[in-house]
Amino acid sequence: MEGFDSDGKKVIAVTRPVPESDWYLVVKVEKSEAYANLRKILLTTSALALLLMTALTSSVLLFWLRQRGRS
C-alpha cells in the first residue's frame, strides 16, 4: 500500500495478519528512503551511458575527420 504517515510523509506499507490472532502487523518505510538506492543506481547508469555516448561520438567524429583529410 502507499499512503501518508502521521507526519504527512509519503510511505510504502505492507500489512500481514498475525497467525492465530485478530492482530495485523504493519511495516512501513518512507518512499524517499525506499527508493534512495534505486535513484543512485539510475543516476550512475545515466552518467555512464552519457559518457559512453560522448566517447563513441568523439571517436566517430575523429575517424571521419581523419578520413576526410586523406582525400
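Colleague: How many buried residues are there among the seven residues of E3?
Modeller: In this predicted model, strand E3 covers residues 24–30. A residue counts as buried under 20% relative accessible area. E3 is hardly covered, and its count of buried residues is zero.

Colleague: Is Leu25 buried or exposed?
Modeller: Leu25 lies in strand E3. Its relative accessible area is 51%, and the cut-off for exposed is over 50%. Leu25 is therefore exposed.

Colleague: What accessible area does the nonpolar patch on the surface have?
Modeller: Leu25 belongs to this patch, together with Val18, Trp23 and Val27. The accessible area of these residues together is about 440 Å².

Colleague: Over how many bridges do E2 and E3 pair?
Modeller: The two strands run in the antiparallel sense. Pro17 has Tyr24 as its bridge partner in E3, and Ala13 has Lys28. The pairing of E2 and E3 extends over seven bridges.

Colleague: Which residue takes a positive phi in the hairpin of E2 and E3?
Modeller: Six residues stand between the strands of this hairpin. The positive phi is near 60 degrees, and the residue is Glu20.

Colleague: Which residue in E2 is the bridge partner of Gly3?
Modeller: Strand E1 (residues 2–4) pairs with strand E2 (residues 10–17) in the antiparallel sense over three bridges. The two form a hairpin with five residues between them, where Gly8 in the turn has a positive phi of about 85 degrees. For Gly3, the bridge partner in E2 is Val11.

Colleague: How many residues apart in sequence are the parts that Lys31 and Glu2 tie together?
Modeller: The side chains of Lys31 and Glu2 meet in a salt bridge at 2.8 Å, N to O. Lys31 lies in helix H1 (residues 31–34) and Glu2 in strand E1, so the parts tied together are 29 residues apart.

Colleague: Is Asp5 buried or exposed?
Modeller: Asp5 and Lys28 meet through their side chains in a salt bridge of 3.6 Å, N to O. The pair links the loop between E1 and E2, which holds Asp5, with strand E3, which holds Lys28. Lys28 is partly exposed at 48% relative accessibility. Asp5 has 15%, so Asp5 counts as buried.

Colleague: Which residue meets Glu30 in a salt bridge?
Modeller: A search of the whole structure finds three salt bridges. In this one, the N to O distance is 3.6 Å. Glu30 counts as partly exposed at 28% relative accessibility. The partner of Glu30 is Lys9.

Methods
Residues numbered from 1 in each chain as written. Predicted model: local features only at pLDDT ≥ 70, side-chain atom pairs only at ≥ 80, totals over all residues. Heavy atoms only, no water. Patch = residues over 30% accessible without salt bridge, like charges linked within 9 Å, V, L, I, M, F, W, Y side chains within 5 Å. Areas by Shrake-Rupley, 256 points an atom, 1.4 Å probe, with all protein chains shown as cover. Salt bridge = Lys/Arg side-chain N within 4 Å of Asp/Glu carboxyl O. Helix = DSSP H or I, 4+ residues; strand = E, 2+ residues; numbered from the N terminus. Buried < 20%, exposed > 50% of the residue type's maximum accessible area, 1.4 Å probe, protein only. Pairing = 2+ DSSP bridges.
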